[in-house]
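Subject: Structure handover

Hi,

Here is the structure I promised to pass on. Please open it alongside this email and follow the notes below.

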Amino acid sequence: MTLANRFNYSNGYQEKCEAVLDIAFGHVPLYKKWKRFDPGQLATIDERFDALPILTKDLMRSHFPSGLMPDWKNLSEGLEKEEIEYTFTSGTTSEKVVNIWDQDWWDRSEAASWKLNRHMASLDYPQKQAKLASSLNVGINCEEDLPMTHRLLGNTLYLNEKTSVLQWQPRHLKRMAEELNSYQPVVLEANPSLLARLAFWALDNEAEVFSPQAIVFTFEFPSAIHLAAIRQVFSSAFVSSYGTTETGFVLEQCENGLLHQNTEFCRIDFKPLKAEHGGPELGCVFITTFDNPWNHIIRFDVGDLVRLHANGVCGCGRSDGMIAEAIEGRVGNATFTTRGSLVTTKALDDHIAAVDAIRDYHLEQRSQTNYLLEATLSPKADRIAAQAGLRFALENVYGRDGNFDIQIVADILPGPAGKYRRTQANFEFDEGGLFV
């Protein structure tokens with residue numbers, strides 16, 4: 001689906017799209033094979049992109065390392081000069097992918113994304129920052145407790161060195177709070193579920209924690225439960241940043257809460273879901289990157305579901321590129337009503353978040369009508385009332401004829417990549433059949 005008639009794009013953006021295809025068809029091994037799909041320069045640029053195949057992780061793996069690299073680049077030379085390195089994606093719902101990592105391009109993409117939010121745009125890039133994420137994704141990985149000096153690299157303090165949050169003890173949370181209070185970063189970049197654990201600890205212990213100018217949420221779907229807890233502890237500006245290791249910074253949340261396309265560094269193509277599954281406003285996105293000298297990404301399926309903004313106009317005044325209401329979760333994490341309609345992670349989360357005292361959850365759909373929900377509660381929660389509220393929420397989302405097994409548990413296990421998969425269907429479904 002072309003977005004050119006719905007959102008505004010500059011002439012420079014269209015020229016970048018054309019340049020991507022010219023380089024790809026003439027100089028990038030994988031895309032030379034795609035040239036046969038191109039309807040030619042008499043077609044519109046959107047028609048040309050729509051005619052191309054989708055870039056999947058399987059294709060990236062099978063054509064690594066040189067398949068997405070222009071033929072004038074020398075891989076060995078780039079590695080030797082440390083212009084690039086290899087990096088791995090986390091592999092939350094599929095196998096990991098090895099990527100060619102260009103730190104300079106990544107930094108330029110991030111700096112451009114900051115312009116899309118008033119709070120971030122007021123800051124020079126880069127800034128003194130702290131990061132709270134799984135050490136499997138960023139930072140330093142160590143099973144022993146490392147002193148702060150060993151987790152401070154340049155202007156970035158890594159608050160966590162553990163591979164799993166299940167290793168966190170009260171002393172680790174106390175340490176994080178003390179380090180934020182002493183280091184006082186300007187920006188805190190955080191996995192929202194991890195930062196929520198620190199917020200819950202602070203609330204339970206009546207502890208004060210330093211509020212940076214901005215908290216940037218990334219790495220996973222942000223639950224409304226966790227955002228509410230973090231808001232009780234931190235007075236910072238909240239900014240949601242969306243992107244991937246492969247594509248850089250794709251969308252940035254503005255001060256009005258909408259997500260804006262980073263048009264300087266990417267193109268977005270949109271494929272809507274069928275109406276019975278939430279389309280045409282809800283659909284998946286394919287990302288094409290701009291100006292990465294080493295890694296050419298065209299129509300990469302990031303696997304996430306995006307809800308478009310209804311009228312394409314935002315009160316912040318930014319009008320360039322796609323505007324989205326929300327990222328609603330991964331296609332692979334979809335669940336379904338008892339009648340077979342798709343339910344996004346966000347659709348369920350909105351209902352679960354309305355239940356008092358819930359701190360975390362995981363929903364597994366075991367068959368068309370059977371569901372298992374595990375949930376954790378605050379220490380003073382009314383267990384019976386919470387279970388009743390959860391059942392009411394599940395019935396409203398999935399149907400009153402569903403069989404709901406609701407279990408209150410001590411903790412929720414993260415996935416193998418250190419991230420949380422809040423919803424999943426434990427059976428095969430045809431992802432392609434969900435879309436128009």
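In this predicted model, helix H11 (residues 345-352) packs against helix H12 (residues 383-398). The angle between them is about 145 degrees. Their axes lie 9 Å apart. The crossing of H11 and H12 is right-handed. Which residues make the contact? From H11 come Ala347, Leu348, His351 and Ile352. From H12 come Leu390, Ala393, Leu394, Asn396, Val397 and Tyr398. Sorted by type, the residues of this H11 and H12 contact are 8 nonpolar and 2 polar, with no charged ones.

Why give both an angle and a distance? Two packed helices are described by the angle between their axes and by how far apart those axes are.

Now take a second pair. Helix H9 (residues 192-205) and helix H10 (residues 224-233) pack at about 50 degrees. Here the axes are 8 Å apart. The H9 and H10 crossing is left-handed. On the H9 side, the contact residues are Pro192, Ser193, Leu195, Ala196, Ala199, Phe200, Ala202 and Leu203. On the H10 side, they are His226, Ala229, Ile230, Gln232 and Val233. That contact of H9 with H10 has 10 nonpolar residues, 3 polar and no charged.

Next, the sheet. Strands of a sheet pair through backbone hydrogen bonds, either parallel or antiparallel.

Strand E9 (residues 248-253) and strand E10 (residues 259-261) run antiparallel. How many bridges join E9 to E10? There are 3. Find Gln253 as well: it stands opposite Leu259 in E10.

Last, zoom out to the whole chain. The protein chain has 12 helices and 20 strands. Its radius of gyration is 22 Å, close to the 22 Å that the globule rule gives for 436 residues, so the chain is as compact as a globular protein of that length. Along its principal axes, the C-alpha trace spans about 65 × 55 × 40 Å.

Best wishes

Notes
Residues numbered from 1 in each chain as written. Predicted model: local features only at pLDDT ≥ 70, side-chain atom pairs only at ≥ 80, totals over all residues. Heavy atoms only, no water. Axes fitted to C-alpha atoms, helices over the stretch in contact; angles between N-to-C directions. Helix = DSSP H or I, 4+ residues; strand = E, 2+ residues; numbered from the N terminus. Left-handed = near helix turned anticlockwise from the far one by under 90°. Contact = heavy atoms within 4.5 Å. Nonpolar A, V, L, I, M, F, W, Y, C, P; charged D, E, K, R; others polar. Pairing = 2+ DSSP bridges. Rg over C-alpha atoms; globule rule 2.2 N^0.38 Å.
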